[in-house]
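Please keep the sequence and the structure in view while reading.

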Amino acid sequence: MPNTASKKKTQVNGGPERRRELLDTAAEVFAAQGYNATTVRKIADAAGMLAGSLYYHFDSKESMLDEILSTFLNELWEGYDAVLDADLGPRETIEALVTESFREIDRHRAAVAIYQKESLHLVDLPRFGYLTDSQRRFEKAWLGTLERGVAAGVFRADLDVRLTYRFVRDTVWVAASWYRPGGQHSPEEIARQYLSMVLDGIAVRAPEPSGGPGEPSGGPGERGAGAGRS
């Protein structure tokens, strides 16, 4: 009788929604404890079920991690490809890529954290070879956009594009370590703040108009008009 009851319960909870819930739980455990330290039993405990029941849905913890990371990356590239195919200018492309990145952190925070911590080790496993391919695509997209911006005179001519790429990449994705969905700021608002800090450092600045003797650039009326604005 106990086995029959357990089987019936598993069948009731065996739909796609339950599978998604289990993957979300597994992602949180992987992100908090690391892949090697995480066992199927720990995931089952966090999900409130027996370890044996978890095998009804997945054949191993590797399968769970594979689905978590591939789902995140497939969705990320859907967004990235839409940006890259939109024929935007270099600055607008950077803005859109950063915004899309923060949206993915909002949707897949735990998966991003796992990717950050585990990808260097996972690429040695045949099942996760796509992580290397994704990283190459990621680098090509960002470096290509930065190089295009330098060539177009949008970004500084002396910009080290590879260093800038690494800075932007690490600055954006490390947010997964502290970001929590439903917080005070939306992903788009956080992206705007990050972009204002990054782009003010790499965008070509327009030459300041020279005012008369003792007069601030732009004229006193223009300066006064902006006073008190946020």
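The sections below treat aromatic pairs, charges over rings, a helix crossing and one lysine in turn.

## Basis of the report

The structure is a predicted model. Residues are cited by their position along the chain, counted from 1.

## Aromatic pairs around Trp-173

Across the whole structure, a search finds eleven aromatic pairs. One of them joins Phe-72 to Trp-173 in an edge-to-face arrangement, with 6.2 Å from centre to centre and 80 degrees between the planes. This pair links distant parts of the chain, since Phe-72 belongs to helix H5 (residues 61-84) and Trp-173 to helix H9 (residues 161-173), 101 residues apart. Both Phe-72 and Trp-173 are buried.

Trp-173 also pairs with Phe-138: the ring centres are 6.2 Å apart, and because the planes stand at 55 degrees, the pair is tilted. Phe-138 lies in helix H8 (residues 130-151) and Trp-173 in helix H9, so this pair ties together parts that are 35 residues apart in sequence. Phe-138 has a relative accessible area of 7% and is therefore buried, the limit for that class being under 20%. Trp-173, at 6% relative accessibility, counts as buried by that criterion.

Ring pairs extend to a cluster that contains Phe-72, Trp-77, Tyr-80, Tyr-115, Phe-138, Trp-142, Tyr-165 and Trp-173.

## Charges over aromatic rings

Trp-77, a member of this cluster, has the charged end of Arg-137 over its ring, 3.8 Å from the ring centre. Elsewhere, Lys-61 lies over the face of Tyr-35, at 4.3 Å from the centre of the ring.

## The crossing of helices H2 and H3

Two packed helices are described by the angle between their axes and the distance between those axes. For helix H2 (residues 16-33) and helix H3 (residues 40-47), the axes come within 9 Å and cross at roughly 120 degrees. H2 is therefore oblique to H3, as the roughly perpendicular class covers 65 to 115 degrees and the roughly antiparallel class begins over 145.

The crossing of H2 past H3 is right-handed. On the H2 side, the contact is made by Arg-18, Leu-22, Thr-25, Ala-26, Val-29, Phe-30 and Gln-33, and on the H3 side by Lys-42, Ile-43, Ala-46 and Ala-47.

Lys-117 is located in helix H7 (residues 109-122). With a relative accessibility of 48%, Lys-117 counts as partly exposed.

Technical notes. Predicted model: local features only at pLDDT ≥ 70, side-chain atom pairs only at ≥ 80, totals over all residues. Heavy atoms only, no water. Phe/Tyr/Trp six-rings, centres within 6.5 Å; stacked < 30°, edge-to-face > 60°. Helix = DSSP H or I, 4+ residues; strand = E, 2+ residues; numbered from the N terminus. Buried < 20%, exposed > 50% of the residue type's maximum accessible area, 1.4 Å probe, protein only. Lys NZ or Arg CZ within 6 Å of the ring centre and 35° of its normal. Axes fitted to C-alpha atoms, helices over the stretch in contact; angles between N-to-C directions. Parallel < 35°, antiparallel > 145°, perpendicular 65-115°, else oblique. Left-handed = near helix turned anticlockwise from the far one by under 90°. Contact = heavy atoms within 4.5 Å.
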